[in-house]
Amino acid sequence: WRELLLLVVLGIFPGMHITQLTHSAENAFSQAELEKAARAANRALPQTSPGGTTRTFKVEAAPGRTLRYHSTFLSYRLSELNVLGLMAEVTPRVQQQACTNADLIPALRAGVVVAYTYWANDGGYIGEVRVVLSDCRR
């Protein structure tokens with residue numbers, strides 16, 4: 001699973017459409033705007049990461065002003081992964097990538113939670129990395 005770690009970090013931000021969110025004072029990253037961004041992103045899906053390790057298949061605006069990306073590891077069944085070890089190593093790296101992504105910073109500053117949910121190719125749930133602005137200050 002350690003080889004998988006680098007591929008996860010490299011393929012985690014497949015250029016989704018968060019930049020299409022409007023930033024007006026009245027609806028800055030409102031739930032409706034997040035839903036609009038998710039619909040736009042879903043029109044470009046599924047999208048496979050460079051190297052073909054993961055495929056992002058859905059983006060959703062979840063409750064609590066959360067923008068959630070769902071991705072599948074194409075070559076791994078759940079039973080083949082050390083889930084706890086993988087998530088322990090992936091989480092800080094994913095958070096760092098999100099915190100340095102210029103497209104995500106305005107959303108994080110506005111209180112949006114950006115979540116990355118991972119699934120195995122057999123449908124098994126691997127885990128989720130949630131990123132909030134305070135993660136960027138560590």
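1. The torsion about the S-S bond of Cys-99 and Cys-136 is about -80°, so the disulfide is left-handed. The two sulfur atoms lie 2.0 Å apart, where a disulfide is defined as a pair of cysteine sulfur atoms within 2.5 Å. A search of the whole structure finds 1 disulfide. Cys-99 belongs to helix α3 and Cys-136 to the segment after β5, so the bond ties together parts that are 37 residues apart in sequence.

2. The two cysteines may also be described by accessibility. Cys-99 is buried, at a relative accessible area of 14%, whereas Cys-136, at 26%, counts as partly exposed. Buried denotes under 20% relative accessible area, exposed over 50%, and partly exposed the range in between (1.4 Å probe, protein chains only).

3. On the basis of the analysis: this is a predicted model, in which local features need pLDDT of at least 70 and side-chain atom pairs count only at pLDDT 80 or more, while totals for chains, interfaces and linings use all residues. Residues are numbered from 1 along each chain as its sequence is written, and side-chain values use heavy atoms, with hydrogens and water left out.

4. Helices (H or I, at least four residues) and strands (E, at least two) are DSSP runs numbered from the N terminus.

5. The 5 strands form an open sheet of mixed pairing, ordered β1-β2-β3-β4-β5; two strands pair if DSSP finds at least two bridges between them. β1 (47–48) and β5 (125–131) are at the edges with a single partner strand each, so one side of each is left without a neighbour in the sheet.

6. Strand β3 (residues 66–73) runs parallel to β4 (residues 113–119), and 7 bridges join them; here Arg-68 has Ala-115 in β4 as its bridge partner. With β2, strand β3 pairs in the antiparallel sense over 8 bridges, and Val-59 has Tyr-69 in β3 as its bridge partner. The hairpin of β2 and β3 has 3 residues between the strands, and Gly-64 takes a positive phi near 80°.

7. Burial of β3 deserves a separate remark: 8 of its 8 residues are buried. In a regular strand the side chains alternate between the two faces of the sheet. Thr-66, Arg-68, His-70 and Thr-72 point one way from β3, Leu-67, Tyr-69, Ser-71 and Phe-73 point the other way, and all are buried.

8. The β4 and β5 strands are antiparallel, paired over 6 bridges, and Tyr-116 stands opposite Val-129 in β5. Their hairpin has 5 residues between the strands, and Gly-123 in the turn has a positive phi of about 90°.

9. Helix α2 (residues 31–42) lies across β2 (54–62) and β3, and runs at about 155° to β2. Helix α3 (residues 83–99) packs on the sheet, touching β4 and β5, and its direction makes about 30° with that of β5. Axes are lines fitted to C-alpha atoms, for helices over the stretch in contact, with angles from 0 to 180 degrees between N-to-C directions; contact means heavy atoms within 4.5 Å.

10. For the chain as a whole, 45% of the 138 residues count as buried. Among contacts with a separation of 6 or more, 60% involve residues 24 or more positions apart. The accessible surface comes to about 7,000 Å², of which 52% belongs to carbon and sulfur atoms, by the Shrake-Rupley method with a 1.4 Å probe.
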